[in-house]
Amino acid sequence: MTSHLFSTSTNGETHPLTWRLREDRGYVDLAEFQQKDGYEAVRITLRDLSPDDLIENMKTANLRGRGGGGFSAGVKWSLTARGDDHPRGYIVCNADEMEPGTFKDRMLMEEIPHLLIEGMILAGYANNARMGYIFLRGEYVLAAERIERALSEAREAGILGSKVCGSDFDFDIFLHTGAGRYICGEETALINSLEGRRANPRSKPPFPGQSGAWGKPTVVNNVETLCNVPAIALHGGEWYQALSGGRSDDGGTKIFGVSGRVKRPGLVELPMGVTGAELLDMAGGMRDGLELKTWLPGGGSTGFLLPEHLELPLEFGAIGKAGSRLGTGLMTVVAHNQSVVSLTRNLEEFFARESCGWCTPCRDGLPWSVKLLRAIERGEGEDGDIDMLISLAHDIGPGKTFCAHAPGAAMPLETAIKHFRHEFEAGIRHPAREAHAEPIPVGSV
Amino acid sequence: MTMDTPATGNTRASKASQGNLIASVGRTDDFELTDEERSEIEHEMGHYENPRAASIGALKIVQKRRGWISDGAVIAISDVLGIPSSDIEGVATFYSLIFRQPVGRHVILVCDSSSCFLTGHDELRDAISSELGINLGQTTGDDRFTMLPVCCLGACDRGPALMINEDLHGPVEPGDVSALLERYS
Ligand SMILES: Cc1cc2nc3c(=O)[nH]c(=O)nc-3n(C[C@H](O)[C@H](O)[C@H](O)COP(=O)(O)O)c2cc1C
Ligand code: SF4
Ligand code: FES
């Protein structure tokens with residue numbers, strides 16, 4: 001059982017992430033991976049390129065982090081503490097995929113874990129890391145099996161371990177499986193979790209690139225981000241950047257996807273800047289009898305958009321300007337008969353439950369918003385509840401909390417009220433107005 | 001209304017564990033790690049810079065065999081890793097897939113995130129509830145099933161989705177529930 005792909009291609013120059021997938025969608029083993037150019041990028045880079053060359057390539061590629069934050073991977077790598085004054089650190093692959101509506105990393109890890117391993121070796125080389133950890137969520141059982149299998153194939157072939165592919169570079173990767181909780185995906189919480197602690201985020205600075213796991217320089221990147229690295233190393237940053245062909249300044253292709261009330265949910269690799277309309281079309285459109293009401297462009301922590309936004313290019317800039325975030329780039333599609341109040345309540349329940357509890361606005365504000373939303377959902381909202389929700393969303397917004405979890409929760413709440421205020425108003429009972437239905441006698445107030 | 005991940009276990013289990021908070025550390029419940037568990041934990045320790053990092057792995061190793069983490073298990077793990085049992089307790093209570101109370105032979109994790117919410121999570125959850133006579137966070141009287149909520153399972157294209165033990169299922173229609181549960185005795 002694997003995710004449906006809207007379209008496929010075996011062209012490595014246009015589909016760097018998915019061109020090697022098998023027709024039967026099974027596991028691409030080492031032999032097949034190598035037959036399809038696999039680990040060529042490692043061989044060539046370790047032989048011909050310096051870490052700085054690779055980082056330059058990455059910057060030119062303008063590969064923006066695919067875990068939802070969109071930070072340039074090349075810039076991040078250029079800030080890692082390297083050199084003789086610094087100990088060799090770690091590459092940590094963020095494979096904690098739990099963002100509501102996101103199912104892309106699962107597919108990459110289940111079908112082609114060698115691509116991730118190759119990307120991590122290259123990231124390790126560029127950032128002077130001694131070891132890599134794949135932080136995989138505990139529920140991804142099949143991915144864990146496939147990754148372990150790929151790791152041992154790679155070790156046996158001398159691709160991991162001492163003297164990677166016969167070079168002077170030593171690097172190994174270990175699979176770490178988690179034990180639940182969304183907050184583990186926040187990169188500093190993830191490092192705490194890796195160290196065997198509660199997954200509370202850490203304060204920044206210092207950034208992980210300076211001091212991360214066990215105080216060593218640590219680079220945390222998403223699965224999909226790392227899977228892009230081999231092709232960039234092989235074909236160059238300019239080639240990668242140009243893949244998005246003028247549709248977007250963000251470089252490359254991305255695994256997009258659609259879930260929710262559509263005919264054929266699934267995934268597809270397309271250039272950055274494809275539109276929501278194109279994706280919705282590929283998913284067969286809305287299920288029969290349904291019309292599109294609203295959509296989330298990239299997971300539960302992104303803002304609601306309207307049908308008119310379907311024509312926007314899916315890239316970090318344009319979606320940001322429309323008041324949302326690209327996030328993970330997997331659309332959640334909502335039909336006309338769905339109450340936005342209920343859906344927002346569901347999202348805020350998720351964020352309230354998954355708060356790590358460290359800071360007050362998030363720990364107390366989110367349950368409060370759930371309480372208000374539940375009342376409005378039942379038609380028992382009080383006057384002032386909507387303003388209170390807006391003010392709560394503001395108080396947990398960017399810069400007000402210890403990590404980005406709470407601002408992520410604020411975004412769907414704020415945009416739901418912005419676009420669908422009438423639905424919230426319909427859930428407010430008006431005791432004040434009813435009580436004053438009779439004229440108020442002069443002098444009585 | 002509870003905002004936390006619902007406690008696992010039925011009323012009986014909840015009562016039994018009330019007096020068992022870590023304040024009572026020192027009592028060992030006569031718990032001993034098997035040689036196999038101990039060596040798996042020691043192997044795990046070798047993958048990190050220090051033993052503490054193996055704490056989550058150690059909890060999972062013990063839970064895999066015993067189903068849940070008792071007070072005695074917390075203390076035994078803290079002995080092997082050489083870190084305070086209160087730290088192990090802190091970790092064990094933080095993560096949603098570590099159970100500090102007994103659970104049923106089969107654990108059902110029902111995804112309640114947005115895509116599954118849109119494709120019928122509530123109906124699915126209610127169907128399981130009425131089939132088994134338990135709510136989220138509870139265990140059937142015969143200790144066969146525990147039902148818990150879980151974050152997006154990364155199977156949003158197959159929603160509503162759930163996992164039973166290590167098996168992913170989706171989409172699961174309310175009408176499928178009975179036959180599906182039959183497969184787990
Ligand atoms: C609450 C929260 C949860 C997150 N979950 C994930 C996740 O599951 N996977 C992921 O790659 N990034 C996640 N992130 C983003 C990471 O903090 C981090 O930005 C990312 O791993 C960096 O990698 P990238 O630049 O390659 O995207 C999360 C962030 C927050 C605030
Ligand atoms: S914002 Fe929420 S999740 Fe982040 S540190 Fe504060 S309480 Fe924890
Ligand atoms: S929302 Fe249920 S699997 Fe993603």
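Predicted model: local features only at pLDDT ≥ 70, side-chain atom pairs only at ≥ 80, totals over all residues.
Which residues of chain A form a nonpolar patch on the surface?

**Figure 1. A nonpolar patch on the surface of chain A is formed by Phe71(A), Val75(A) and Leu79(A).** Together, the three residues have about 270 Å² of accessible area. Leu79(A) is placed in the loop that runs between helix H4 (73-78) and strand E1 (89-95) of chain A. The relative accessible area of Leu79(A) is 52%, and because the threshold for an exposed residue is over 50%, Leu79(A) counts as exposed.

**Figure 2. Chain A and chain B bury about 4,400 Å² between them.** Carbon and sulfur atoms give 58% of this buried area. Three residues, Met1(A), Ala179(A) and Arg353(A), supply 16% of the area that chain A buries against chain B, more than any other three residues. Chain A brings 65 residues to the contact, and chain B brings 44 residues.

**Figure 3. Polar contacts and salt bridges link chain A to chain B.** Between the two chains, 24 residue pairs are in polar contact, with both residues at pLDDT 80 or more. On the side of chain A that touches chain B, the elements giving two or more residues include strand E2 (129-136), strand E3 (172-177), helix H8 (187-194) and helix H13 (340-354) of chain A. The element that gives the most to this side is H13(A), with nine residues. Two salt bridges are found across the interface. In a salt bridge between the chains, the side chain of Arg353(A) meets that of Asp112(B), at 2.7 Å from N to O.

**Figure 4. A salt bridge in chain A pairs Glu32(A) with Arg22(A).** Side chains of opposite charge can pair when their charged atoms come close. The side chains of Glu32(A) and Arg22(A) meet at 2.7 Å, N to O. Glu32(A) belongs to helix H1 (residues 30-35) of chain A, whereas Arg22(A) lies in the segment before H1, so the pair ties together parts that are 10 residues apart in sequence. Glu32(A) is buried, with a relative accessible area of 13%, while Arg22(A) is partly exposed, at 29% relative accessibility. Over all chains, the count comes to 45 salt bridges.

Figure 5. In one pair, the side chains of Arg66(B) and Glu37(B) meet at 2.6 Å, N to O. Arg66(B) is partly exposed, at 32% relative accessibility, but Glu37(B) is buried, at 0%. In another pair, Glu40(B) forms a salt bridge with Lys64(B), and their closest N and O atoms are 3.3 Å apart. Glu40(B) is partly exposed, with a relative accessible area of 26%, whereas Lys64(B) is exposed, at 59%.

**Figure 6. Helix H5 (residues 85-94) of chain B is largely enclosed by the rest of the structure.** The helix is described in this way because seven of its 10 residues are buried. These buried residues are Ser85(B), Ile88(B), Glu89(B), Gly90(B), Val91(B), Ala92(B) and Phe94(B). The buried residues of H5(B) pack against H3 and helix H4 (71-81) of chain B.

**Figure 7. Chain B contains eight helices and five strands.** Along the sequence, the elements of chain B follow the pattern α-α-α-α-α-β-α-α-β-β-β-β-α. Of the 185 residues in chain B, 57% are buried. Among contacts in chain B with a separation of 6 or more, 67% join residues 24 or more positions apart. Chain B exposes about 7,900 Å², and carbon and sulfur atoms supply 48% of that area.

Methods:
Residues numbered from 1 in each chain as written. Chains lettered and ligands numbered in written order. Heavy atoms only, no water. Patch = residues over 30% accessible without salt bridge, like charges linked within 9 Å, V, L, I, M, F, W, Y side chains within 5 Å. Areas by Shrake-Rupley, 256 points an atom, 1.4 Å probe, with all protein chains shown as cover. Salt bridge = Lys/Arg side-chain N within 4 Å of Asp/Glu carboxyl O. Helix = DSSP H or I, 4+ residues; strand = E, 2+ residues; numbered from the N terminus. Buried < 20%, exposed > 50% of the residue type's maximum accessible area, 1.4 Å probe, protein only. Contact = heavy atoms within 4.5 Å. Buried area = accessible area lost by both parts, 1.4 Å probe. Polar contact = N/O pair within 3.5 Å; in protein donor to acceptor, adjacent residues only side chain to side chain.
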